[in-house]
Amino acid sequence: MASQFQLFKKKFFSSYFITQALGAFNDSTFKQALITIITFFSVGKIALDPAIMTNVAAGLFILPFFLFSATAGQLAEKHEKSGLIRKIKVLEICIMILAVIGLYFDNIYFLLLVLFLLGLQSTFFGPIKYSILPQHLKDEELVGGNGMVEMGTFLAILIGTIIGGVLIGYRETGTMILSVLLILVAISGYFSSKRIPDTPAVQPSLKVNWNPITETWRTLKFTKRNRVVFLSILGISWFWFYGTMFLTQILNFAKLSLDGNPFTANFILAIFSVGIGLGSALCEKLSGKRVELGLVPFGAIGMTWFAIDLYLVNPQVGFSGALGPLEFIQTDGAIRTLIDCALVGVFAGFYIVPLYALIQERCDRSILSRVIAGNNIINSLFMVVAAIMAGGLLWLGTTIPQLFLITAILNAVVAIYIFTLVPEFLMRFLVWLLISTVYKVKVKGLENIPEKGPCVLVCNHVSYVDSLIIGGYVRRPVRFVMYYKIFQIPVLSFIFKTAKAIPIAGRSEDEALLNKSMYQIQEALDEGEVVCIFPEGKLTSNGEMNEFKAGIEKIIEQSKVPVVPMALQGLWHSLFSRKKVNKFIDRLKRLRTSVGLVVNEPIAAKDVTKEVLQQKVTELRGDNP
């Protein structure tokens, strides 16, 4: 995991990280202070029930995202980003001054207005927050960079949540300290932003449309240009729906279901935040520095499982909020509750980081800020719906544990629906699970695969899962050409079909299928895709390479594209090769096999022959059959 922490040596990342973390800290500190005031100190000051008023506050904060994200996205495309960030931080200082005035007069309705303005400030920072990363980080740094940003965000939220809730609990003295802190953090954020290097505008000639209605509709259209990106945005939006349903109820959940006082409530919320931060930080390690979509279903499963268990261990309601953190921990089910809260957060981190990285990787950089703005619009819509739904269910008499159960079940339904629309997520999960549990893979030379344009990958054929290993590590989507009988293997066939693999047969077996396969290969290359071929035509039966067939030469004759030789090492001794093993203990030894994937520089089409390719692959394979 050391590599992602090396990002802090870069002037851009360290300055940007501190700036956004301080902003998240101020947001969470003020919001938590206000929610604590509403939950515990608002008797006789507001007309609505505190549980419903909490949802009103959440709705007011996210409403500006829905109204003004389109404008914010345009400004982020048109102007140099570091200058915009500094102006936004000046606005934050002004808003914090208003917050201090509201706290001094103890006016909840004025503080709600300040919360709306804080949401407005965050709206204009939102498109910059994620679109600036690809302008300074390499593609292989995106997962680590996003993981660090999410970890920093939620640690800042954690610290701000604790401080905001604790300080406001001490009333006058705490309010005074809180006021000074909000101003100082805002000023510190401004000075940190001054160290962020210039980030050139991607569309300086863009004409800003100030009509929020028409521009919102236009911005939403940008999000639909790439189907996978759009569905990733829906996945992120669902994350914020889920988070809104949980996080806005934590204080009341701690009070009514756990009998916890404000300190216990903030302790529970801290556990959630630590979990999300930990999950975000682990993403790079689990994904091998690539955008690993397989973590998304894994995260969704955990988010559902542990939320359901949270309901099962805490079905009761009606407490008055008398227990401090130490007293709460001694009650029945407390440890299980804390573990559930932490793991919901961890799996939420697994879920959200790859989705943000995927948008940054696959979206056209010239419109990325507006796509992020569109993401924020849809996010805010989901969050508003979540706040309304939670408030409505609570008004109808639903208990908070029951609300958590409903959210967990909905999460499972929505996840299944999204993974049905984009089977790539589930396919990548199965591939990630296989690679993570059965093999220890070392990869070398991935940078030799062209980032854009068509090419053909050629590789030795050792096991039934060769294509899964290659597809799991090559950053671009790969169309595999494979023997049709392997293509038809149960379970694996789902993965191969989802990855749009091309089944092929020998001329003597099925000439029609062969001709169809050759046409599909040429069509894929004409469309600029990556195609992977195993020129041996069959799996090795003894660990040695078979002779390369002439089919690769015919393909390159029709499509003049570069060929990238690559070799798999060590797979002959693994679980899914054709090597015969009789003893059960020897089969167990084939688990967690160390294998290698080595990639050579591309060979120009004019220099391609089957003999040249076989020699190159043999050299790459070395003495590792």
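Helix axes are lines fitted to C-alpha atoms over the stretch in contact, and angles between N-to-C directions run from 0 to 180 degrees. By that description, the axes of helix H9 (residues 212–223) and helix H16 (residues 368–395) come within 8 Å and cross at roughly 105°. The model is predicted, so local features need pLDDT of at least 70 and side-chain atom pairs count only at pLDDT 80 or more, while totals for chains, interfaces and linings use all residues. Residues are numbered from 1 along each chain as its sequence is written, and side-chain values use heavy atoms, with hydrogens and water left out. Helices (H or I, at least four residues) and strands (E, at least two) are DSSP runs, numbered from the N terminus.

**Packed helix pairs**

- Two packed helices are described by the angle between their axes and the distance between the axes.
- H9 and H16 are therefore roughly perpendicular to each other; angles of 65 to 115 degrees count as roughly perpendicular, under 35 as roughly parallel, over 145 as roughly antiparallel and the rest as oblique.
- In H9, Thr216, Arg218, Thr219, Leu220, Phe222 and Thr223 meet Arg370, Val371, Ala373, Gly374, Asn375, Ile377 and Ile378 of H16, where contact means heavy atoms within 4.5 Å.
- The residues of this H9 and H16 contact divide into 6 nonpolar, 5 polar and 2 charged; Ala, Val, Leu, Ile, Met, Phe, Trp, Tyr, Cys and Pro count as nonpolar, Asp, Glu, Lys and Arg as charged, and the others, Gly among them, as polar.
- Helix H2 (residues 11–40) packs against helix H4 (residues 81–105) at an angle of about 20°, with the axes 12 Å apart.
- That angle makes H2 roughly parallel to H4.
- The H2 residues Thr19, Leu22, Gly23, Asn26, Phe30 and Ile37 meet Ile85, Lys89, Glu92, Met96, Ala99 and Leu103 in H4.
- The contact of H2 with H4 has 7 nonpolar, 3 polar and 2 charged residues.
- H7 and helix H8 (residues 171–193) pack at an angle of about 140°, and their axes are 6 Å apart.
- Ile163, Gly164, Leu167, Ile168 and Gly169 of H7 meet Arg171, Gly174, Thr175, Ile177, Leu178 and Leu181 of H8.
- That contact of H7 with H8 has 6 nonpolar, 4 polar and 1 charged residues.

**Helix lengths and burial**

- Helix H7 (residues 142–169) has 28 residues, which should span 40 Å at 1.5 Å a residue, and its end C-alpha atoms are 40 Å apart, which agrees; the expected span is 1.5 Å times one less than the number of residues.
- In H7, 21 of the 28 residues are buried, so this helix is largely enclosed by the rest of the structure; buried means under 20% relative accessible area, exposed over 50% and partly exposed in between (1.4 Å probe, protein chains only).
- H4 has 25 residues and reaches 37 Å from its first C-alpha to its last, close to the 36 Å expected.

**Positive phi angles**

- Most residues other than glycine have a negative phi.
- Aspartate 106 has a positive phi of about 55° although it is not a glycine, and this residue lies in the loop between H4 and helix H5 (108–131).
- Aspartate 106 is partly exposed, with a relative accessible area of 30%.
- Aspartate 259 also has a positive phi, of about 60°, and is found in the loop between helix H11 (250–256) and helix H12 (262–287).
- Aspartate 259 counts as buried, at 14% relative accessibility.
- Arginine 171, which follows H7, has a positive phi near 55°.

**An exposed tryptophan**

- Tryptophan 305 lies in helix H13 (residues 295–313) and is exposed, with a relative accessible area of 60%.
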